[in-house]
Amino acid sequence: MKKEEIENILKKYNYDKSFIIGILQDLQAKENYLSKENLEYLSRELNISQGELYHLATFYKAFSLKPRGKHIFNVCLGTACHVRGGANIKEKLERDLGIKAGETTPDKQFTLETVNCLGCCAQGPVVVLDEEYHGEMNTAKVNKILKNIKDKKREVKVGETQN
Ligand code: FES
């Protein structure tokens, strides 16, 4: 991330460290994770210890210290989803994306994560893609979701060449 982008975020919050959660959220939104360099920069500019920043970054589940993909799959492996085939869905995504759960594809397009219950067990197995819930998942639905993402990318590329 360019220095000006961080500066713009800090200006938006008037360099006020009492807005640190908002600042971290904006940083996270830009890159999908909080990099070591950016946290060091914030620490210097806002006079907050790095320890405190790391504490916040690890306390809130919304933050990640590891690079994450543009699209984030969360596969539920809670008991209800597990008995309905959640593990098969996870394995299918691992094969199709070429990564293991907890990893991000080298092109930073996808991150695959697992969760233990999303609170909608009756719809299991459940997968959340970029905060959108997909219930009663099966391999055909996974194929459809992946195809939709690829089609959208193609549409964006065509749009880009038209401009
Ligand atoms: S176990 Fe998957 S939503 Fe509850």
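User: Domain bounds come from an automatic or database domain assignment. Which domains does that give for the chain?

Analyst: The model is a predicted one. The assignment divides the chain into domain 1, residues 3-59, and domain 2, residues 71-162.

User: How many Å separate the centres of domain 1 and domain 2?

Analyst: The separation is 29 Å, with the centres taken over C-alpha atoms. The C-alpha trace of the chain spans about 50 × 45 × 25 Å along its principal axes.

User: What does the secondary structure come to?

Analyst: The chain has seven helices and four strands. Along the sequence they follow the pattern α-α-α-α-β-α-α-β-β-β-α.

User: In what order do the strands form the sheet?

Analyst: The order is β2-β1-β3-β4, in an open sheet of mixed pairing. The edge strands, each of which pairs on one side only, are β2 and β4 (132-134). From one strand to the next the twist averages 20°.

User: Mixed pairing, then. Do β1 and β2 run parallel or antiparallel?

Analyst: β1 and β2 run parallel and are joined by six bridges. By contrast, β1 pairs with β3 (residues 127-129) in the antiparallel sense, over three bridges.

User: What stands opposite phenylalanine 73 in β2, and what in β3?

Analyst: In β2 the residue opposite phenylalanine 73 is leucine 112, and in β3 the residue opposite phenylalanine 73 is leucine 129.

User: Which strands does α6 lie across?

Analyst: α6 lies across β1, β2 and β3, and α6 runs at about 150° to β1.

User: What is leucine 93 in contact with, leaving aside its neighbours within four places in sequence?

Analyst: Leucine 93 is in contact with Phe73, Val75, Leu112 and Val142.

User: How much of the chain is buried?

Analyst: Buried residues make up 18% of the 163 residues in the chain. As for contacts between residues at least 6 apart in sequence, 58% join residues at least 24 apart.

User: New topic: where does lysine 2 lie, and is lysine 2 buried or exposed?

Analyst: Lysine 2 lies in the segment before α1 (3-12). Lysine 2 is exposed, because 8 other C-beta atoms lie within 10 Å and a residue counts as exposed at 12 or fewer.

User: How far apart in space are lysine 2 and leucine 93?

Analyst: Lysine 2 and leucine 93 are 33 Å apart, C-alpha to C-alpha, and 91 residues apart in sequence.

Methods. Residues are numbered from 1 along each chain as its sequence is written. This is a predicted model: local features need pLDDT of at least 70, side-chain atom pairs count only at pLDDT 80 or more; totals for chains, interfaces and linings use all residues. Two residues are in contact if their C-beta atoms, placed from the backbone, lie within 7 Å. Two strands pair if DSSP finds at least two bridges between them. Helices (H or I, at least four residues) and strands (E, at least two) are DSSP runs, numbered from the N terminus. Axes are lines fitted to C-alpha atoms, for helices over the stretch in contact, and angles run from 0 to 180 degrees between N-to-C directions. A residue is buried if 20 or more other C-beta atoms lie within 10 Å of its own, exposed if 12 or fewer, and partly exposed in between; C-beta atoms are placed from the backbone.
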